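Here are my notes on the model, for use alongside the coordinates. They go from the overall layout to single residues.

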Amino acid sequence: MGLAPAYLPLPDVSGVELAKTNGTLVIKMDGLLPFPAKGNVYYLHEKLNHALGQWQVQKGLCAPLFTERCAVVFLYHYSSGQWNSRQVRDYDNLEYRCVLNTLARRLLWDDDPRSYVCFHGVVPDTSTYTEIRVMALSAFQNYISNEY
C-alpha cells in the first residue's frame, strides 16, 4: 500500500571481536551461535555483517579479503559446566549457513565448494563462545597438523 518500512536501529555488534594475524581472520562471538526460540536467524547475519563491514572500513580492506580457496573453521568453546551431550550443538543448524553467507559476501570470492571448505571442532575451555577462523587452505593444512 505504499507504506514506508519501519526504521530499524543498526545491528548491535557488541560481542563480536575481529582480529587478523598471520593471514588468518579470527572472529570471536560471545556465546554459541544463538538461535532464537521463535523467528529467524537474520539478526545473526546483520550483526556479523555490520561488524565485518565496520572492521573492513577501519582497516582499509576491500572484499574479497581472501582470493584463494579457504578454510572456515568453527570452534565451539564450552566451559566445563556445559560439556555434556545436551549442551553440545550439532552442525546442521541454520546459524552456520547464515554465517557462511555473510563470510562469503564480505571475505570470500564466492560461496560454493570451490571457494572454501568447512571444519567444525569442539574445545573444552573456561568460558563458552564461538570462534570462527578463516584462512587460506595451505594454512589450514598446517593448522590441522599442529592442532589435531
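**Notes on the predicted model**

1. Layout. From the N terminus on, the elements of the protein chain run β-β-α-β-α-β-β-α, that is, three helices and five strands. Helices (H or I, at least four residues) and strands (E, at least two) are DSSP runs, numbered from the N terminus. This is a predicted model, in which local features need pLDDT of at least 70 and side-chain atom pairs count only at pLDDT 80 or more, while totals for chains, interfaces and linings use all residues. Residues are numbered from 1 along each chain as its sequence is written, and side-chain values use heavy atoms, with hydrogens and water left out.

2. Of the 148 residues in the protein chain, 38% are buried; buried means under 20% relative accessible area, exposed over 50%, and partly exposed in between (1.4 Å probe, protein chains only). The accessible surface comes to about 9,000 Å², with 53% of it belonging to carbon and sulfur atoms (Shrake-Rupley method, 1.4 Å probe; for residues, only the protein chains shown count as cover). Among contacts between residues at least 6 apart in sequence, 80% join residues at least 24 apart, where contact means heavy atoms within 4.5 Å.

3. A nonpolar core here is a set of buried Ala, Val, Leu, Ile, Met, Phe, Trp, Tyr and Cys residues joined through side-chain atoms within 4.5 Å. The largest one has 29 residues, of which Leu25, Ile27, Leu103, Leu107, Ile132 and Val134 touch the most other members. At least two residues each come from β1 (16–21), β2 (24–30), α1, β3 (70–79), α2 (94–106) and β5 (129–136). The largest share, six residues, is supplied by α2. Apart from this core lies another, of six residues, including Val73, Leu75, Met135 and Tyr143. In soluble globular proteins, nonpolar side chains tend to be buried together.

4. Ile27. Leaving aside neighbours within four places in sequence, the contacts of Ile27 include Leu48, Leu52, Leu103 and Ile132. Val16, Glu17 and Leu18 are also among them.

5. Helix α2. This helix has 13 residues and reaches 19 Å from its first C-alpha to its last, close to the 18 Å expected at 1.5 Å a residue; the expected span is 1.5 Å times one less than the number of residues. Its buried residues are Glu95, Tyr96, Cys98, Val99, Leu100, Thr102, Leu103 and Ala104.

6. Two buried polar residues. Asn49, in helix α1 (residues 42–59), counts as buried because its relative accessibility is 10%. Its side chain makes a polar contact with the side chain of Arg105 at 2.7 Å. A polar contact is a pair of N or O atoms within 3.5 Å; within protein, one must be able to donate a hydrogen and the other to accept it, and residues adjacent in sequence count only if both atoms are side-chain atoms. Beyond four places in sequence, Asn49 touches Thr102, Arg105 and Arg106. Glu131, in strand β5, is buried at 8% relative accessibility. The side chains of Glu131 and His77 are joined by a polar contact of 2.7 Å. The residues that Glu131 touches, not counting those up to four places away, include Val26, Phe74 and His77.

7. Trp109 lies in the loop between α2 and β4 (116–125) and is partly exposed at 38% relative accessibility. Its side chain reaches the backbone oxygen of Glu68 at 3.4 Å. Its contacts outside four places in sequence include Pro64, Phe66 and Arg114. Pro64 is in the loop between α1 and β3, and the peptide bond to it from Ala63 is cis, with omega near -5°. The C-alpha atoms of Trp109 and Ala63 are separated by 7.9 Å, at 46 residues apart along the chain.

8. Asn22. This residue, in the loop between β1 and β2, has a phi near 50°, a positive value in a residue other than glycine. Asn22 is exposed, at 83% relative accessibility. Most residues other than glycine have a negative phi, and most peptide bonds are trans.

9. Cysteines. The structure holds zero disulfides (a disulfide is a pair of cysteine sulfur atoms within 2.5 Å). Cys62 is exposed at 58% relative accessibility, whereas Cys70 is buried at 0%.
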